[in-house]
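Me: I'd like to go through this model with you piece by piece. Can you take my questions as they come?

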Amino acid sequence: MDDVGLEVDGLVRRFGRTTAVDGVSLAAHRGHVLGLLGPNGAGKTTVVRVLATLLRPDAGRVRVAGLDVLRDPAGVRRRIALSGQHTSVDEELTGRSNLVMIGRLLDLGRQDARRRAGELLSRFGLEEAADRPVATYSGGMRRRLDLAAGLVGRPEVLLLDEPSAGLDPAKRDQLWRTIRELAEDGVTVLLTTQYLEEADALADEITVVDHGRVIASGISADLKRQVGGHTVVLRPADVGDLDAAAAVVAQVTGREPGRSHRHELVAPVADDAEFFHIAARLRELDLDISEFAFRLPSLDEVFLHLTGATATDHAAEEAA
Amino acid sequence: MTTPLTRATGPRPLATLRHSVVLARRSLAKTTRNPGPVVNGVITPALFMVLFLYLFGRPVAGSTAEYAQYLFPGILVMGAGLAGMVSTGTAINLDLRNGVTDRFRSLPISRTAPLLGSVLADVLRYLIAVVILFAIGTLLGFRVQGGAPAALGAAGLAILFGFCLSWLTVLIGVLVRSAEAVTAFSFIAFLPLQLGSSLTGPTDTLPGWLRAWADINPVTHVMDACRALLNGTPEAGSVGRALLWSAVLFATCCPLAVRAYGRQE
């Protein structure tokens, strides 16, 4: 068996005269989590729908669990589960009947379908609500049930389209734990997200898309390095020392540091030698420091650097 | 989480039927929670029956008892058509809008199954409507003349026609953009189909333009056939026309609906 969970090569998909996906390539190893990161309208959902055999590719090769989506769509459907913003369970049925129904549609026997539904309901902490109509569920419960619905058939590949949209941080952490567990069990996960934090926390590898094209890909540390530019963040214990500290930073880096409203000095540095140099000078001057950090840029900064735009710009574009 | 489940593969017409039954149960579970469409499918024709019976009974047929014999078979057909007329198309449309259909389409089931399931559930809803309507008709003075076989034949014909008409609403449900539009379309279709027929009187009593429509309206033929059966005067001709129209409806709407539904955008 090959080691590739899913593989997209040169995918193009148009809607009328709009090209939603324009030559996207990506791949995920079996049991890995691939984060597909991009702003609204970048083409993430289109990629997921092609992988789920809901949309036909106009060009390119798309293989899921070793099967071509055009040649063997039925085989692909047996191995995947789709969950996320455009997928849903039936609101009028109870959580349990939704899961049992999916089990029956996957050809489980009546007993097996009920047992599987019970397992998943307890795994996702939905036992108490199991026999209430889904319409009465909170957003977080609904999302968990939706993910459970995807897992009834023990998929090899899990396609999650913005799974944490609208969840509060605690619910989101719970969801992240589940996704990690699934990957440990050997499930390949493709996860689309607008949140860099989410991709950073979950994904083994990240592919960044914008306007239907891949603009960067790799592991998160590599992406951060691509943008380069380590930063020094420095906060004197005494606000009165701010100018003295700024002078030290300016002296070493050759540039006046930026000042944040929290009385922090932020300055780009060429390498760690400059960082140690600043540290040594501060020691000589005997300045008290409450915070002093040398860090890679956050993924947010990477993202802004790569797309050269913010999510709000994209929203404005879509509205226009 | 590690043992893979074994599942059948290959072409599976039986599996399609089995999946359709699973999905029909889903639709019926929703009916028990929200019986509106079935209630509507019984109350609307029952109201028409009472209204027409006491409005037209004496002036048209001389007595309400005699008019009940004429009117009831048409009401039965209306009931069978109505119970699913709105509900199936609307339900399928809602599934398409809110993402339930995406889940079904990403499952290894035939793309016909969700539609067939919904229509199969309709058949049961028609059956319920037909049984209740027979009871109401009997209360209002209608008597079956042709015996049990005639009654079963008429009920079967009405339900078969309802089944075929369901595919029309399924097609509308798949094609239009919103559930409200499905309701609007179905209501617009309801008036000329059900009332522009031989429901209240033979078509030769109608003015020319309306008669021209009523004579080609499939509902007229199904009502005529049921009327003949229930009054103990079965005619092969009207039954044949009713079956032919049902077949035509089914043969055009079903493949079109399945095609539109299963299409990868």
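Predicted model: local features only at pLDDT ≥ 70, side-chain atom pairs only at ≥ 80, totals over all residues.

Me: Switching to the contact between the chains, how many residues does each chain give?

Reply: Chain A contributes 27 residues to the contact and chain B contributes 25 residues. On the side of chain A that touches chain B, the elements giving two or more residues are helix H2 (73–79), strand S6 (80–84) and helix H3 (95–105) of chain A, with the largest share, 4 residues, coming from H3(A).

Me: OK, chain A overall. What is its secondary structure, and what does its C-alpha trace span?

Reply: Chain A has 12 helices and 14 strands, and its C-alpha trace spans about 75 × 45 × 45 Å along the principal axes. Of its 320 residues, 47% count as buried. Among the contacts in chain A with a separation of 6 or more, 68% are between residues 24 or more positions apart.

Me: Which domains does the assignment give for chain A?

Reply: The assignment gives domain 1 (4–219) and domain 2 (229–295), and 45 Å separate the centres of these two domains of chain A when they are taken over C-alpha atoms.

Me: What order do the strands of the open sheet in chain A follow?

Reply: The open sheet in chain A has 6 strands in the order S6-S7-S8-S3-S9-S10, and the pairing is mixed. Because S6 and strand S10 (213–218) of chain A each have a single partner strand, they stand at the edges, and one side of each is left without a neighbour in the sheet. From one strand to the next, the twist averages 15°.

Me: How does S9(A) run relative to S10(A)?

Reply: Strand S9 (residues 205–210) of chain A and S10(A) run antiparallel and are joined by 5 bridges, and within this pair A:Thr207 stands opposite A:Ser217 in S10(A).

Me: Which helices lie across those strands?

Reply: Helix H5 (residues 139–151) of chain A lies across S6 and strand S7 (157–161) of chain A, running at about 170° to S6(A). Helix H6 (residues 169–184) of chain A lies across strand S3 (33–37), S7 and strand S8 (188–193) of chain A, and runs at about 150° to S8(A).

Me: What are the bridge partners of A:Leu234?

Reply: In S13(A) the bridge partner of A:Leu234 is A:Leu265, while in S14(A) A:Leu234 stands opposite A:Phe292. Strand S11 (residues 230–236) of chain A runs antiparallel to strand S13 (residues 265–269) of chain A, with 5 bridges between them, and S11(A) also runs antiparallel to strand S14 (residues 289–295) of chain A, with 6 bridges.

Me: Back to backbone angles. What is the phi of A:Asp107, and what about A:Glu162?

Reply: A:Asp107 has a positive phi of about 70°, and A:Glu162 has a positive phi of about 45°, although neither is a glycine. For context, most residues other than glycine have a negative phi. A:Asp107 lies in the loop between H3 and helix H4 (110–123) of chain A, whereas A:Glu162 is found in the loop between S7 and H6 of chain A.

Me: Are those two buried or exposed?

Reply: A:Asp107 is buried, because 20 other C-beta atoms lie within 10 Å, and A:Glu162 counts as buried because it has 20 C-beta neighbours inside 10 Å.

Me: Last one, A:Arg63. Where is it, and what does it touch?

Reply: A:Arg63 is found in strand S4 (residues 59–64) of chain A, and it is buried, with 21 other C-beta atoms within 10 Å. Not counting residues up to four places away in sequence, A:Arg63 touches A:Leu6, A:Glu7 and A:Asp68. A:Arg63 and A:Leu6 are 57 residues apart in sequence, yet 5.7 Å apart in space, C-alpha to C-alpha.

Notes
Residues numbered from 1 in each chain as written. Chains lettered and ligands numbered in written order. Contact = placed C-beta atoms within 7 Å. Domains from an automatic or database assignment. Buried ≥ 20, exposed ≤ 12 C-beta atoms within 10 Å, placed from the backbone. Pairing = 2+ DSSP bridges. Axes fitted to C-alpha atoms, helices over the stretch in contact; angles between N-to-C directions.
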